[in-house]
Amino acid sequence: DFQFKGLIIDGCSEDIFIKNSSFTTTSAFTAIELADTRYTRLYNTSIESEDHADDAIGLRLKTARTTELDQCDILACDNGIDRRQQTGPGEIYYNNVDLINQTTIQDCNVGVFLEGAAGISDIDRNHGRLYMDCAHLIQNDEYAIQGTDILLTIDALNNSNCDDINCTDLR
């Protein structure tokens with residue numbers, strides 16, 4: 001088990017696997033930044049703001065083509081997962097996020113912020129996807145999910161009172 005503060009991974013063409021770790025952030029800092037990565041999997045990893053500070057980012061994505069969070073927690077950050085435009089106009093970051101197996105984003109101002117593929121060629125429309133299966137967005141103050149032109153795939157059955165997909169008795 002490791003505890004980190006401010007990890008930046010930039011320009012990695014190999015798969016990245018982070019397991020059984022914890023990360024912290026404070027005001028105006030980012031716990032983990034993924035830039036120009038192909039595939040990253042975080043497993044049983046926690047990310048938390050020490051002081052619920054403004055501008056504390058849990059996970060910042062800058063062309064993180066696929067980022068999978070499996071049994072992870074992101075807690076008390078200003079933005080849990082963030083991909084806001086940081087550079088000049090016209091720069092596009094390619095990001096897809098998978099939240100699976102009880103991953104929880106809780107008590108953040110914004111749980112997940114992503115941008116999609118508006119205004120670019122069809123060949124590049126392979127980003128801006130948020131996939132959730134058995135994941136939770138809980139008590140995020142302003143937005144659970146915020147973004148532009150994103151594709152959402154959310155398995156709602158797990159968070160319902162239903163035993164099968166034909167049930168209409170949702171919580």
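**Strand residues, a loop and a core**

Trainee: Asp-36 first. What does Asp-36 count as, going by relative accessibility?
Mentor: Partly exposed, because its relative accessibility is 48%, and that class runs between 20% and 50%. Keep in mind that this is a predicted model.

Trainee: Where is Asp-36 found?
Mentor: In strand β5.

Trainee: What about phi of Gln-102?
Mentor: Positive again, near 70°, and Gln-102 is a residue other than glycine too.

Trainee: Where does Gln-102 lie?
Mentor: In a loop. It runs between β10 and β11, and β11 covers 104-106. Gln-102 has a relative accessible area of 42%, so it is partly exposed.

Trainee: Switching topic. How many helices and strands does the chain have?
Mentor: The count is 0 helices and 16 strands.

Trainee: What share of the chain counts as buried?
Mentor: 43% of its 171 residues. The chain exposes about 8,900 Å², and carbon and sulfur atoms supply 45% of that area.

Trainee: How many residues are in the largest nonpolar core?
Mentor: 26. Ile-47, Ile-81 and Leu-99 have the most contacts inside that core.

Trainee: Which strands each supply at least two residues of this core?
Mentor: β3 (16-19), β5 (30-43), β7 (57-70), β10 (96-100), β12 (110-115) and β13 (129-133). In soluble globular proteins, nonpolar side chains tend to be buried together.

Trainee: Back to Leu-99. What is Leu-99 in contact with, leaving aside neighbours within four places in sequence?
Mentor: Its partners include Leu-69, Ile-81, Ile-105 and Val-112.

Trainee: One more residue. Where is the place of Gly-147?
Mentor: Strand β15, residues 143-148. Gly-147 is partly exposed, because its relative accessible area is 38%.

Trainee: Which residues does Gly-147 contact, leaving aside neighbours within four places in sequence?
Mentor: Phe-113 and Leu-114.

Trainee: How far apart are Gly-147 and Gly-116 in space?
Mentor: 7.6 Å, C-alpha to C-alpha. In sequence, Gly-147 and Gly-116 are 31 residues apart.

How values were computed. Residues are numbered from 1 along each chain as its sequence is written. This is a predicted model: local features need pLDDT of at least 70, side-chain atom pairs count only at pLDDT 80 or more; totals for chains, interfaces and linings use all residues. Side-chain values use heavy atoms; hydrogens and water are left out. A nonpolar core is a set of buried Ala, Val, Leu, Ile, Met, Phe, Trp, Tyr and Cys residues joined through side-chain atoms within 4.5 Å. Buried means under 20% relative accessible area, exposed over 50%, partly exposed in between (1.4 Å probe, protein chains only). Helices (H or I, at least four residues) and strands (E, at least two) are DSSP runs, numbered from the N terminus. Contact means heavy atoms within 4.5 Å. Accessible areas come from the Shrake-Rupley method with a 1.4 Å probe; for residues, only the protein chains shown count as cover.
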